[in-house]
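Here is a short walk through a predicted model. Keep the structure in view and follow strand by strand, then helix by helix.

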Amino acid sequence: MARIERGPMRWLRHLDPILLMLVLAVLAISVAVMTSASGQSTARISGHLINIGLALAVMVVMANVPPHLLSKAGPPLYVVGVVLLVGVALFGEIRNGSRRWLDFGVIAFQPSELLKLALPLMLAWYFQRNEAVLGSRHFAIGGVLLLLPFLLILRQPDLGTALMIGASGFYLLFFAGLPWKVILAGGVLGGASLPLAWRFMHDYQQQRVLMLLDPSSDPLGAGYHIIQSTIAIGSGGLFGKGWMEGTQNQLDFIPERTTDFIFAVFGEEFGYVGAILLAALYLAIVARGLTIAARAPTQFGRLMAATLSLNLFTYVFVNIGMVSGILPVVGVPLPLMSYGGTALVTLLLGMGILMSVATHRQLNKT
Amino acid sequence: MSVVASLKNLDRELTRFHGRLKAGALFVALLAAVLLARGYYLQVDQHDYYIQRAESNRISLVPTAPNRGLILDHKGRILAENYSAYTLEIARAQTADLEATLAEVGALIEITPGQLRRFRRLLGESHEFETVPLKSKLTDEEVAILAANRYRLPGVEVKARLFRNYQAGPGMAHVVGFIGRINDSDLKKLRESGRERNYKGSVHIGKTGLEQSYEALLHGRTGFDQMETDASGRAVRMLSRIPPVPGKDLRLYLDLDLQAVAEHAFGDYLGGLVALDPRTGGVLAMVSRPGFDPNLFVDGIDPEAWKGLNESPERPMVNRVLRGIYPPGSTIKPLMALAGLELGIRKPGDSIVDPGYFTLPNSRHQYRDWKRGGHGVVDLRKSIAQSCDTYYYRLAVDMGIDRMHDYLAQFGFGEKSGIDLEGESSGLLPSRDWKQRRWKKPWYPGETVIAGIGQGYHLTTPLQLVTATAMLANGGRRIEPRLVEAIRDPFSHAWQPLPPTVHGQVKIDPANLAEVREGMLDVMRPGGTAVVAAAGAAYAIAGKTGTAQVVGIKQGARYDESKLARHHRDHALFIAYAPADDPKIAIAVLVENGGHGGGTAAPIARAVMDYYLTGKRPGTMKLEATSDGAD
């Protein structure tokens, strides 16, 4: 061990080998599918490889940040994120009909991205501080911390992101021990208010939901995405059409097929057997994450690990559910598979936190 | 809070957390089960349906239009041929703003007002999703300009299309006809006859003339390429292909040179001419003047040009040979004479004394002969040679209208000849029955009298006249006139002749026929009505002149004064066959407002017969030659 601790390889000792293998397995699949989906475009493939390299580097760095240091970053990140969201509401730039972007001249930035990590960090920090004395007061404050960015993002409007961020906050409260009766009451209340929510939805949001109910009502318009992706998946059959042999993919019928709809390409070319394998890999990652959570020595580590694991699978579920036509079309990428640097970096950043939690267990004791 | 209590709390919270972890795992398993169930439904349960959807997504049948058959004259010269050219077409459904697009295209290449008018007319006749041609026969430069600007002109397409070129020009327009864009009524007919599928990919269809009547042979069979196409509809590769079968070529009896001679012989006159080979029924020449340029119609005619053609008082769109109906006048006399002999009403030697008029019993009305004072003693031959009206007034009365009708009907009057062109008129052969049916009136004896000289109700087309003339020439065999001599298979390249269709044989006593033929020969001899036209002929001609009152073609209201005088003149008619001892050509000529048949119509026939029988091209022929004044 001494050799590793002194050499440059010491960075790697904080990696969790099981999680690393699983993540690398999915990334390897993503490179294969990206090659097919992009029509062997070298630009797309090398872009994806660069994103992977970058994200893996971020993961390694995060794995080396001790959880107690990380938890301290929660409050300032959260405050900055919320302030920026308020800034968006006041000065934000409108793109595609909603106010989501802040333009800093050099880079345009979506503050909601920041909240995806900042909110769980803030809540985990908060519940860590109040460990062993948790009462309903703390859950109430946790709820407020959750609702503040949720509502700000909702009114941008960006329902998809708001729901995803709301889900991550909810998972954290759930793992922190939010009483079942509160969860149940919230569920009932939420169900009852659905018709009301429908009234407050924007036209395009209602359209997306309606389209889900009957995609064929507008086969060349908004329903086109869903129709073509379900055709791709369904025509894949049990074993798929084979790598680079998917006609829906190769002939351009699948929209956005390197990004949000990459699962349609995968399903068409690798079939149901491939889909089961991919689902198994995702489930294994979640299982490993939950195991890390179960063994974590601190409240912060437990909550973060469990929340990140569930969050990852939520993204998987929403994306595949959307592509296979059981959820509305919302812009959610498939974790570790879709093209896109920001999402990949954010995701592996989370994996890095998981590894940090896993490997700093013993170190904390010493 | 004591440390112990705190530790207890901590313990409780940890236990709860582990419970929550299990709940979370259960939740994940539930979501995973939903996804896998959905996957099973799509990929296993509904796989057959989706694989079929994917196949129909990617495979499309692209029709390939066959090459249209050629139309050739008797010597193999091309009358109608194909060429491919780039056309600028506009898909209205894909243009954001049609007018703006038209303006932009107009700024890039020249679009004439006529092309724009035609485009708007076609636009009105076409469906939303169809592409409509704006300009045909683009130059290479125009194609390049449009290709370079295509990205900013959605809905503007440059397409390679097959066109038809009629290089024989206006003189052949009535025979060859033209093709035009398939319109709604064409489509309806195709659908009703089950041929719609064969026209997928075809833009044109035969509209008139041979192009119309031989459409089924000329068009060929459409091929289909099974193409793999991408989402934007672009063909990626061919999976399989059924090649198109080109249409069959047509060869006519008609000789372009003979046609030109006939055209030339007409000079400034309007009218029609048709010449048959009496042995086969083959149409050697068919002229209807004025003609028109059939090329105007191929890709849709400009409305102004159409108006000009359609409203012209000269009615260039009417094929006078087929559809012009005129009283036969004196050209009916040889057949009347034959009827008199055959029915036993006259003998060759019977003669009358012609005082210059005829009166019915118990009537004072005089039916006058064209020659004041009469022809004196007239037998059958002389009655034909000098076209004696009085002879035929009396013959008609002796025969009666019913026997006259029945006899003439055998020669094809009153019914369509059956020529291989559409739109033929059946003319009118009157009878007592017909008048009762049509007018609910009895037949008057006076009507029989004038029917004897081809006046009154009797109406005939030049085509019917020539068919009857051919029967006099060939001894009573009624053969359908036919333009197409043979068809050529596109693969074997072998010409397959079309056998003549014989409608039957009229039994004629040879002695009687010889008598009538002598009369027709006398027409061309000194003392006959067309002697001038026969002068110097190297072969014997049997003919008959005639005059038709102006009724057949209705006149427009826009004639000016100078033309009025001319159009009030009678139409000149002439029928003939030659050589008289071995007939190879039968001919009927109609010269509108030509006056006497012997003066204007007979010389035209002579020029055609000269060229056909001796190969002699006419010098500049004087059409207004003074005749003996007879009809």
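Begin with a pair of strands in chain B. Strand 1 of chain B runs antiparallel to strand 8 (residues 223–229) of chain B, and six bridges join them. Strands of a sheet pair through backbone hydrogen bonds, in either a parallel or an antiparallel sense.

Now widen the view to the sheet. It is an open sheet of three strands in chain B, with the order 1-8-9 and antiparallel pairing. Strand 1 (59–64) and strand 9 (235–242) of chain B are the edge strands, and each pairs on one side only. From one strand to the next, the twist averages 30°.

Next, move along chain B to helix 23 (residues 597–614). Is this helix enclosed or exposed? Of its 18 residues, 16 are buried, so helix 23 of chain B is largely enclosed by the rest of the structure. A residue counts as buried here if 20 or more other C-beta atoms lie within 10 Å of its own. Just after helix 23 of chain B comes B:G615, with a positive phi of about 80°.

Finally, turn to the contact between the chains. Chain B brings 37 residues to it and chain A brings 40 residues. On the side of chain B that touches chain A, the elements giving two or more residues are helix 1 (3–45) and helix 2 (47–58) of chain B. Helix 1 of chain B gives the most, with 22 residues. Sorted by class, this side of chain B has 19 nonpolar, ten polar and eight charged residues.

Methods: Residues numbered from 1 in each chain as written. Chains lettered and ligands numbered in written order. Predicted model: local features only at pLDDT ≥ 70, side-chain atom pairs only at ≥ 80, totals over all residues. Pairing = 2+ DSSP bridges. Helix = DSSP H or I, 4+ residues; strand = E, 2+ residues; numbered from the N terminus. Axes fitted to C-alpha atoms, helices over the stretch in contact; angles between N-to-C directions. Buried ≥ 20, exposed ≤ 12 C-beta atoms within 10 Å, placed from the backbone. Contact = placed C-beta atoms within 7 Å. Nonpolar A, V, L, I, M, F, W, Y, C, P; charged D, E, K, R; others polar.
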